[in-house]
Amino acid sequence: MTLTHAARHTGAVGDKFDRLEHRLPRWAGPIAVVFAALAVMLINPIGFSGGGNDDAYYVEAARCWVAGHGACLPANHWASRWPLVAPIALLTGLFGESRATVGLAPLGFWAASIMLLAWLGRLWFDRATGLVAGFMLAALPVFTASALQPWIDSTELCFQLAALVAATYALRRQSVVLAIGAGMLAGLAFASRETSILFVGVAALAWFRVDRGRRVILLWAVPGLVAVVALEMAVYLAATGDPLTRFNLALNHVEIPSEELPKGFDTSHSPLLNPAYIAAWRREAGIHLWWPVDPWLNLIASPRFGWLATCAALLLVTCRATLREAWRRSALQIVGAALLVAVLLVYALAVDPKPRMFLLLGCALALGGAALAMSGWRAGRKALVGSLLLALWGVGLAIETRMLSFRPAESPAAAWLTSYPGQIESDSATRSLLMLVPGIDDVALPGSGRPLRIATAIDGCAELAWQSGTTPVRLLDRASRGIVKPAELCLFAYR
């Protein structure tokens with residue numbers, strides 16, 4: 001094809017996109033985003049995982065609330081995160097505990113986060129940019145994989161984004177009520193997870209970038225934030241005599257054994273500003289080059305996060321010239337602020353730098369990428385922009401299908417428990433993985449003398465070569481249908 005023919009072909013594609021864009025009704029964009037988000041989520045609805053993951057602690061905390069008909073004093077930092085625990089307890093208390101009721105609260109936070117990011121995109125750029133940003137966030141595997149999973153990440157993110165929406169409206173309307181609401185929402189983000197202290201701090205720095213004559217109204221966010229934090233501290237003071245109970249749990253959480261740290265690692269010191277923790281965390285992508293840069297190399301290399309960064313980078317290279325100056329400044333400030341939060345997470349709080357800790361950065365990349373995409377689209381680069389966004393969505397779908405889930409194993413496990421009552425034992429990790437299966441609490445721990453054992457096998461039952469003492473075992477049944485291969489749930493019988 002000659003250059004002239006190629007130009008004509010590209011122009012023809014652009015003309016088709018233009019005609020299609022003008023014919024579509026206004027609601028088509030939101031419907032398309034909803035469809036795209038649900039497709040990524042439903043292709044592998046992982047939901048509750050258990051097996052030592054954080055979601056098991058949140059479900060246990062909710063059980064305590066249900067059993068006690070009210071809030072329980074937390075025994076660990078997971079249980080102190082009441083903005084997630086409370087709605088799970090409410091739903092399971094009203095409708096019974098099941099995979100569906102446990103997943104409703106996180107589903108709400110996941111959906112709200114997408115809508116709030118789209119709303120922010122509309123406020124800070126325009127409506128189409130907001131929709132594209134929501135689309136890009138929904139295609140982020142590390143975010144959507146936990147759509148039905150009781151994890152705190154989307155809960156914290158939801159309140160952060162809501163605080164930004166409220167603050168934006170407070171600034172535009174000069175509303176005291178909205179400014180106080182923004183502060184309270186930031187307080188709820190902090191109540192969800194203490195890492196939001198960085199979000200609050202960076203937002204305070206961003207305040208100085210706002211027009212001096214209008215920014216004073218946002219000072220009303222401070223009493224809103226203080227009210228939420230003070231109320232929580234007052235509750236702990238009344239219940240325990242120590243208003244700092246929650247913060248002590250958070251600071252001491254590293255003393256809880258973790259497979260993400262090397263065996264024998266000294267956890268007696270605080271992780272704050274501690275390079276030993278930064279260097280010791282397990283690298284998700286296995287990249288060990290130099291500890292100060294390893295977190296970022298592994299983040300970019302992670303298939304659960306890196307494709308969004310790659311897409312944003314490609315849009316930057318191909319469409320930056322089309323971005324008008326006002327949008328360029330806004331995008332740089334948004335990404336810069338989120339990057340500062342991410343840097344402080346790694347080097348100040350020394351958190352485990354897994355992709356799920358960087359959802360706010362993912363939102364910033366989605367907003368910046370969406371601004372570039374819409375600028376490029378309107379400049380005639382429709383085929384390029386459309387191809388990049390569809391590729392991002394397709395890759396998200398593909399990665400979601402490969403994520404491990406033992407959800408399909410629950411039905412066979414329930415059948416085994418019914419068929420062999422009082423005859424099964426299992427290890428703690430497997431019991432936790434199946435903790436939503438009725439009857440699992442009656443399963444004994446290994447060494448009980450029962451004749452059968454349920455075990456999880458990441459590499460398949462045939463490869464699970466364990467023995468109980470000197471007693472070998474034989475495979476009696478397995479559950480593999482619907483589970484990401486080669487993982488299986490195995491039922492063994494002692495010989």
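A: Pro486 lies in the loop between strand 3 and strand 4. Helices (H or I, at least four residues) and strands (E, at least two) are DSSP runs, numbered from the N terminus. The peptide bond from Lys485 to Pro486 is cis, and its omega is near 5 degrees.

A word on the numbers. Residues are counted from 1 along each chain as its sequence is written, and side-chain values rest on heavy atoms, with hydrogens and water left out. The model is predicted: local features need pLDDT of at least 70, side-chain atom pairs count only at pLDDT 80 or more, and totals for chains, interfaces and linings use all residues.

Arg478 forms a salt bridge with Glu488 (a side-chain nitrogen of Lys or Arg within 4 Å of a carboxyl oxygen of Asp or Glu). Their closest N and O atoms are 3.3 Å apart. Arg478 sits in strand 3 (residues 473–479) and Glu488 in strand 4 (residues 488–494), 10 residues apart. What about cover? Buried means under 20% relative accessible area, exposed means over 50%, and partly exposed is in between (1.4 Å probe, protein chains only). Arg478 is partly exposed because its relative accessibility is 38%. Glu488 counts as buried, at 9%.

Other salt bridges share partners. They join Asp54, Asp153, Glu156, Arg193 and Arg356 into one network. Take one pair from that group. Arg193 bridges to Glu156, with the closest N and O atoms 2.7 Å apart. This pair links distant parts of the chain: Arg193 is in the loop between helix 9 and helix 10, and Glu156 is in helix 8, 37 residues away. Both Arg193 and Glu156 are buried. Why can such pairs form? Side chains of opposite charge can pair when their charged atoms come close. Across the whole structure, a search finds 18 salt bridges.

One more pair is worth a look. Glu232 forms a salt bridge with Arg246, and here the closest N and O atoms are 2.8 Å apart. Glu232 lies in helix 11 and Arg246 in helix 12 (residues 245–251), so this bridge ties together parts that are 14 residues apart in sequence. Glu232 is buried, at 9% relative accessibility. Arg246 is buried too, at 1%.

Stay on helix 11 for a moment. Val222 is found there. It counts as partly exposed because its relative accessibility is 46%.

Helix 16 gives the largest share, 10 residues. By class, the lining has 36 nonpolar, 5 polar and 4 charged residues. Here Ala, Val, Leu, Ile, Met, Phe, Trp, Tyr, Cys and Pro count as nonpolar, Asp, Glu, Lys and Arg as charged, and the others, Gly among them, as polar.

Finish with two loops. Gln174 is in the loop between helix 8 and helix 9. Its phi is near 55 degrees, a positive value in a residue other than glycine. Gln174 is partly exposed, at 35%. Ala350 lies in the loop between helix 16 and helix 17. Ala350 has a positive phi of about 55 degrees, although it is not a glycine. Ala350 is buried, at 2%.
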